[in-house]
Amino acid sequence: MTAQSRPADPAASLVPPQDRPVVDEWLARITAVVGTHAQETGPEACRTAAEAAEELSAYLWMLRAVHRRTA
């Protein structure tokens with residue numbers, strides 16, 4: 001999610017503000033390889049993007065679990 005596609009109201013975001021820089025970094029690493037304007041195509045970049053995707057996935061599952069418990 002880029003700054004342009006974020007909700008206007010930070011309270012509407014699933015990601016807490018303190019976690020936003022880390023999530024933005026994961027997304028940047030992923031989009032550098034698989035985005036519309038991919039800039040990196042080497043094996044190391046692909047590994048980095050895959051690692052970022054795994055980390056982001058685990059983080060989102062954790063958020064989902066927290067929201068289910070508090071809902």
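**Salt bridges.** I searched the whole structure and found 3 salt bridges, a salt bridge being a side-chain nitrogen of Lys or Arg within 4 Å of a carboxyl oxygen of Asp or Glu. The model is predicted, so I note that local features need pLDDT of at least 70, that side-chain atom pairs count only at pLDDT 80 or more, and that totals for chains, interfaces and linings use all residues. Residues are numbered from 1 along each chain as its sequence is written, and side-chain values use heavy atoms, with hydrogens and water left out.

I looked at Asp24 and Arg20, whose side chains meet at 2.9 Å, N to O. They lie 4 residues apart in helix H1, which means a separation of about one helical turn. I looked up burial for both (buried is under 20% relative accessible area, exposed over 50%, partly exposed in between, with a 1.4 Å probe and protein chains only). Asp24 is partly exposed because its relative accessibility is 21%; Arg20, at 11%, is buried.

Next I took Arg29 and Glu55, which form a salt bridge at 3.7 Å, N to O. This pair links distant parts of the chain, with Arg29 in H1 and Glu55 in H2, 26 residues apart. Glu55 has 35% relative accessibility and so counts as partly exposed.

I then checked Glu44 and Arg47, whose closest N and O atoms are 3.0 Å apart. Both sit in H2, 3 residues apart, about one turn of the helix. Arg47 is partly exposed at 46% relative accessibility.

**Helices.** I counted 2 helices and 0 strands in the chain; helices (H or I, at least four residues) and strands (E, at least two) are DSSP runs, numbered from the N terminus. I compared spans with the expected value, 1.5 Å times one less than the number of residues. H1, residues 20–34, should span 21 Å, and its end C-alpha atoms are 21 Å apart, which agrees.

In H2 the buried residues are Ala45, Ala49, Ala52, Leu56, Tyr59 and Leu63, and their cover includes H1. Leu63 touches Leu14, Val15 and Pro16, not counting residues up to four places away in sequence; contact means heavy atoms within 4.5 Å.
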